[in-house]
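Here is a short report for a first look at a protein model. Keep the structure open as you read.

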Amino acid sequence: MERTLAIIKPDAVQNGHSGKILDRILSEGFAVRAMKLVTLSKTEAEGFYAVHRERPFFGELTTFMSSGPCIPLVLERADAVAKWREVIGATNPADAAEGTIRKQFATSMGENAVHGSDSTENGKLESNYFFPEHVIVANS
Ligand code: ATP
Ligand code: MG
């Protein structure tokens, strides 16, 4: 079993897609181990995406991510990182495959509905950015 961090981003929450995305998460065989609704401060968004701080879109990205409530979730299943990246699709919705969450719900490269960790290591670090280990529900 592996864990990854997903975020239902502010655009998807605002547009009323959270329920459909959560349904997709469950139907793809992920167990939800932690979940909350939270509006990030600009500083929290900058901390989460610190790896991108030198990129030209950093300001736009962190302003968007702190623009309204989002839903971080710790997801667990076999091969969770790769599977979740497959389900969400390419960063740019114009390149996202048919049937992916970004194809269905993303409106632009910046406002692309969902986040997924890009490695097992980052899955752990990013999960703990939102959820200390003791609030992540153990495998039953
Ligand atoms: P995420 O980390 O959110 O799951 P990703 O791993 O597919 O997305 P990254 O390269 O990590 O893509 O970029 C992080 C986020 O920054 C993207 O999801 C997107 O919202 C934003 N982003 C990336 N590239 C651009 C760009 N060229 N212009 C505007 N926003 C961008
Ligand atoms: Mg990324």
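This is a predicted model: local features need pLDDT of at least 70, side-chain atom pairs count only at pLDDT 80 or more; totals for chains, interfaces and linings use all residues.

Four strands make an open sheet, in the order β2-β3-β1-β4, and the pairing is antiparallel. β2 (31–35) and β4 stand at the edges. Each of these two has a single partner strand, so one side of each is left without a neighbour in the sheet. From one strand to the next, the twist averages 25°.

Strands of a sheet pair through backbone hydrogen bonds, in either a parallel or an antiparallel way.

Strand β1 covers residues 2–8. The strand is mostly covered: six of its seven residues are buried.

Which strands pair with β1? One is β3 (residues 71–77), which runs antiparallel to β1 and is joined to it by seven bridges. Another is β4 (residues 114–116), paired with β1 in the antiparallel sense over three bridges.

Individual residues show how the strands line up. T4 has L75 of β3 as its bridge partner. A6 stands opposite G116 in β4. A6 also stands opposite L73 in β3.

## A helix on the sheet

Helix α7 (residues 120–130) packs on the sheet. This helix touches β1, β3 and β4. The direction of α7 makes about 55° with that of β1.

## The buried side of α4

Helix α4 spans residues 58–65. Which of its residues are buried? They are F58, L61, T62, F64 and M65. These residues cover an arc of only 160° around the axis, which puts them on the same side of α4.

An α-helix has 3.6 residues a turn, so residues three or four places apart point the same way.

What do the buried residues of α4 pack against? Their neighbours include strand β1. They also pack against two helices, α1 (10–14) and α3 (42–48).

I88 belongs to helix α5 (residues 80–88). Is I88 buried or exposed? Its relative accessible area is 0%, so I88 is buried.

What does I88 touch, leaving out residues up to four places away in sequence? The contacts are T100, I101, R102, V114, H115 and G116. Take I101: it lies 13 residues from I88 along the chain, yet 4.7 Å separates their C-alpha atoms. Take G116 as well: this residue, touched by I88, is the one that A6 stands opposite in β4.

Conventions. Residues are numbered from 1 along each chain as its sequence is written. Chains are lettered from A and ligands numbered from 1 in the order in which they are written. Side-chain values use heavy atoms; hydrogens and water are left out. Buried means under 20% relative accessible area, exposed over 50%, partly exposed in between (1.4 Å probe, protein chains only). Two strands pair if DSSP finds at least two bridges between them. Contact means heavy atoms within 4.5 Å. Axes are lines fitted to C-alpha atoms, for helices over the stretch in contact, and angles run from 0 to 180 degrees between N-to-C directions. The arc is that of the directions from the helix axis to the C-beta atoms.
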